[in-house]
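Hello,

Please find the structure below, with notes on what was found in it.

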Amino acid sequence: MTTHNFTIKTQQILQNAQVLANQYENQAIENIHLLHSIFENDNDVVPFILSKIGIPSAVLKQAVERSVQSLPKVKGGESYFSRGAADAISKAQAEAKKNGDDFVAVEHLFLGIFL
């Protein structure tokens with residue numbers, strides 16, 4: 001996966017998701033890792049989006065943290081993006097392109113997870 005057209009913040013989110021998966025001994029990097037990483041690395045876009053649709057970001061963040069902790073653990077092996085996470089990233093790229101954006105931003109990734 002090439003990330004040359006991802007914003008620096010989005011690249012950090014992807015890298016942090018991989019670190020998080022390794023930390024929790026999860027072999028596959030799932031959408032929930034991406035969401036967790038978004039909450040850790042973005043204090044502006046996602047809380048704004050969630051407030052507009054009436055979802056308290058603190059409640060969702062806690063649910064995401066619990067979900068990450070409940071994933072199956074695997075010792076050894078290299079982490080990889082699951083099919084769902086890879087699809088979310090592809091959808092984020094398509095959404096950026098559809099909107100005429102040159103770079104995949106946090107909001108595209110966030111939207112890609114839910115499309």
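H33 is found in helix α2; helices (H or I, at least four residues) and strands (E, at least two) are DSSP runs, numbered from the N terminus. The model is a predicted one, in which local features need pLDDT of at least 70 and side-chain atom pairs pLDDT 80 or more, while totals for chains, interfaces and linings use all residues. Residues are numbered from 1 along each chain as its sequence is written, and side-chain values use heavy atoms, without hydrogens and water.

H33 counts as buried because its relative accessibility is 0%. Buried means under 20% relative accessible area, exposed over 50%, and partly exposed in between (1.4 Å probe, protein chains only). Leaving out residues up to four places away in sequence, H33 touches A17, L20, A21, N26, A28, V68 and L71; contact means heavy atoms within 4.5 Å.

S82 lies in the loop between β2 (80-81) and α5 (83-98), and is buried because its relative accessibility is 7%. In sequence S82 and I29 are 53 residues apart, yet their C-alpha atoms are 5.6 Å apart in space. The side chains of S82 and E30 make a polar contact (2.9 Å), that is, a pair of N or O atoms within 3.5 Å; within protein, one must be able to donate a hydrogen and the other to accept it, and residues adjacent in sequence count only if both atoms are side-chain atoms.

Regards
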